[in-house]
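Here are some notes on the model, as numbered points.

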Amino acid sequence: MSQSYDRGLVEDFGRWREFSAGMWAWVFHKFTGWVLVGYLFTHIAVLSTAISAAGQAQSTIASESDVYTMVIQNLESLLVVRILEVGLLAVAVFHILNGCRLLLVDLGIGLDSQDKSFYASLVLTGAIVVASVPTFLAGVFG
């Protein structure tokens, strides 16, 4: 007979305060991974709706009046899409940096400083995202 273990209620939000940096790194890594998978499917769906330009004449494509180019231009003109792109960058950069951190930990490098490397990946993600905001928002307001 197996022994049961009382893990508490799911609604017991006080448990989140007990999470260590390693647990938060795991939660963020899983979350960013699922966001990236969701983005991949959304990206494929949007591009597949605009792919009818492939059958058009080269002159239509060159004049940028094909469906694909118009869909992309319309999406890029929306401020919300630009903000979502900044969010996508943040998700992708954190996922990459945390993945590299996990790779090093799996190789036995930096085992004693896992918390510091997690915080460093957060700070570096923030710095990269803040530095890239002007590039992403260029041309939206003009």
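1. In this predicted model, the aromatic pairs come to five. In one of them, tryptophan 24 and phenylalanine 28, the ring centres are 5.7 Å apart and the planes meet at 40 degrees.

2. Tryptophan 24 and phenylalanine 28 both belong to helix H1. Because they are four residues apart in H1, about one helical turn separates them.

3. Helix H1 spans residues 21–49 and helix H3 residues 67–76. They pack with their axes 8 Å apart, at an angle of about 130 degrees. H1 and H3 are therefore oblique to each other.

4. On the H1 side, this contact is made by Val46, Leu47 and Thr49. H3 contributes Val67, Tyr68, Val71, Ile72 and Leu75. By class, the residues of the contact are seven nonpolar and one polar, with no charged residue.

5. The volume of the largest pocket is about 440 Å³. Its lining consists of 15 residues. Which of them lie nearest the centre of the pocket? They are Tyr39, His43, Leu75, Val81 and Glu85. Leu75 is also one of the H3 residues in the contact with H1.

6. H1, H3 and helix H4 (79–106) are the elements that each give two or more residues to the lining of this pocket. The lining divides into ten nonpolar, three polar and two charged residues.

Key
Residues are numbered from 1 along each chain as its sequence is written. This is a predicted model: local features need pLDDT of at least 70, side-chain atom pairs count only at pLDDT 80 or more; totals for chains, interfaces and linings use all residues. Side-chain values use heavy atoms; hydrogens and water are left out. Axes are lines fitted to C-alpha atoms, for helices over the stretch in contact, and angles run from 0 to 180 degrees between N-to-C directions. Angles under 35 degrees count as roughly parallel, over 145 as roughly antiparallel, 65 to 115 as roughly perpendicular and the rest as oblique. Contact means heavy atoms within 4.5 Å. Ala, Val, Leu, Ile, Met, Phe, Trp, Tyr, Cys and Pro count as nonpolar, Asp, Glu, Lys and Arg as charged, and the others, Gly among them, as polar. On a 1 Å grid over the protein atoms alone, a cavity is a set of points where a 1.4 Å probe fits but cannot get out, and a pocket is an open set with protein on both sides within 12 Å along at least five of seven lines; lining residues have an atom within 4 Å of a point. Grid points are joined across faces, edges and corners, and a volume is the space filled by probe spheres set on the points. Rings of Phe, Tyr and Trp (its six-membered ring) pair if their centres lie within 6.5 Å; planes under 30 degrees apart count as stacked, over 60 as edge-to-face and the rest as tilted.
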